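Dear colleague,

I am passing on the structure we spoke about, with my notes placed after it. Please read them with the coordinates open beside you.

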Amino acid sequence: MNNKISNGLKQFITPDLPYAYDALEPYIDETTMHIHHDKHHATYTTNLNKAIEAQPDLLEKNIEEILSDLSQVKEEIRPAVRNHGGGHYHHGFFWEIMRAPRDNNRPEGELAQAIDSTFGSFEKFKEDFSKMAVSVFGSGWCWLSWDGQKLIIEKTPNQDSPLSLGHRPIMTLDIWEHAYYLKYQNRRVEFVEAFWPIINWAKANDNYTKNK
Ligand code: MN3
């Protein structure tokens, strides 16, 4: 995900969804996707661009490079870049890790084997990931990540990124209430259950084979 030229100015842009707003129905509804992408995601991008006006040389880097080493960001804008840069990057990543629902949706390729050998089976992974996702306190993200040596399940608060921990994200679920409140209200367990038929395991496998 690179920053691009928009209106003659180099800045970060909110990528379009890689599918229609209703593509994830009935698991994630069209209205939630509109608000989540067009409002929440777009606002993170806008606020990231505002923050970076104080350090334009950061536009020479992509967002992954920035989040991987926040010490290169001036202290005065570091919290804004950590929060809004994280929000900008994580949402783009999240859209790509989903696709139209499939029956018996399961991990693919080398990642399928790695999940089996690391967690015992896909069923066990699903159980562990779901428990971690449900346990996020307040707002945050649940991740399948590569820690440099192995696959791990981890959670990050707010918009903190696995990249800032030296990890590479493979797959993720947004646990902020804005991701599910319109359809599921307080029923986070149902939202986490609804994620499994719409995971884009082909993309997750790409992330795995490129980063391991
Ligand atoms: Mn979100």
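In these notes, rings of Phe, Tyr and Trp, with the six-membered ring taken for Trp, form a pair if their centres lie within 6.5 Å, and planes over 60 degrees apart count as edge-to-face. Please keep in mind throughout that this is a predicted model.

By that definition, the structure holds 20 aromatic pairs. One of them joins phenylalanine 94 and tryptophan 141, whose ring centres are 5.7 Å apart and whose planes stand at 90 degrees, so this pair is edge-to-face.

The next item is the metal site. The manganese ion has as its protein donors His36 (NE2), His91 (NE2), Asp174 (OD) and His178 (NE2), which lie 1.9 to 2.1 Å from the ion. Along the sequence, these donor residues follow the spacing H-x54-H-x82-D-x3-H. Histidine 36 sits in helix H1 (residues 30-52) and histidine 91 in helix H3 (residues 78-96), so that pair links parts of the chain that are distant, 55 residues apart. Histidine 36 and histidine 91 are both buried.

Histidine 178, another of the donors, is found in the loop between S5 and H6. Its relative accessible area is 18%, and because buried means under 20%, histidine 178 counts as buried. When its neighbours within four places in sequence are left aside, histidine 178 is in contact with Thr32, His36, His40, Tyr44 and His91.

Turning to helix packing, the axes of helix H4 (residues 109-119) and helix H5 (residues 122-135) come within 8 Å and cross at roughly 75 degrees, which makes H4 roughly perpendicular to H5. On the H4 side the residues that meet H5 are Ile115, Asp116 and Phe119, and their counterparts in H5 are Phe122, Lys124, Phe125 and Asp128.

The peptide bond that runs from glutamate 25 to proline 26 is cis, with omega near 0 degrees, and proline 26 lies in the loop between strand S2 (9-11) and H1. Aspartate 29 is likewise placed in the loop between S2 and H1, and at 13% relative accessibility aspartate 29 counts as buried. The C-alpha atoms of aspartate 29 and lysine 183 are separated by 7.1 Å, although these residues are 154 residues apart along the chain.

Positive phi values are found at asparagine 158, with about 55 degrees although it is not a glycine, and at glutamine 185, with a value near 45 degrees, again in a residue other than glycine. Asparagine 158 lies in the loop between strand S4 (151-157) and strand S5 (168-174) and is partly exposed, with a relative accessible area of 41%. Glutamine 185 occupies the loop between helix H6 (181-184) and helix H7 (188-195), and glutamine 185 is partly exposed as well, at 29% relative accessible area.

Conventions. Residues are numbered from 1 along each chain as its sequence is written. This is a predicted model: local features need pLDDT of at least 70, side-chain atom pairs count only at pLDDT 80 or more; totals for chains, interfaces and linings use all residues. Side-chain values use heavy atoms; hydrogens and water are left out. Axes are lines fitted to C-alpha atoms, for helices over the stretch in contact, and angles run from 0 to 180 degrees between N-to-C directions. Helices (H or I, at least four residues) and strands (E, at least two) are DSSP runs, numbered from the N terminus. Angles under 35 degrees count as roughly parallel, over 145 as roughly antiparallel, 65 to 115 as roughly perpendicular and the rest as oblique. Contact means heavy atoms within 4.5 Å. Donors are N, O and S atoms within 2.8 Å of the metal (3.2 Å for Na, K and Ca); water is not among the atoms, so sites may look incomplete. Buried means under 20% relative accessible area, exposed over 50%, partly exposed in between (1.4 Å probe, protein chains only). Rings of Phe, Tyr and Trp (its six-membered ring) pair if their centres lie within 6.5 Å; planes under 30 degrees apart count as stacked, over 60 as edge-to-face and the rest as tilted.
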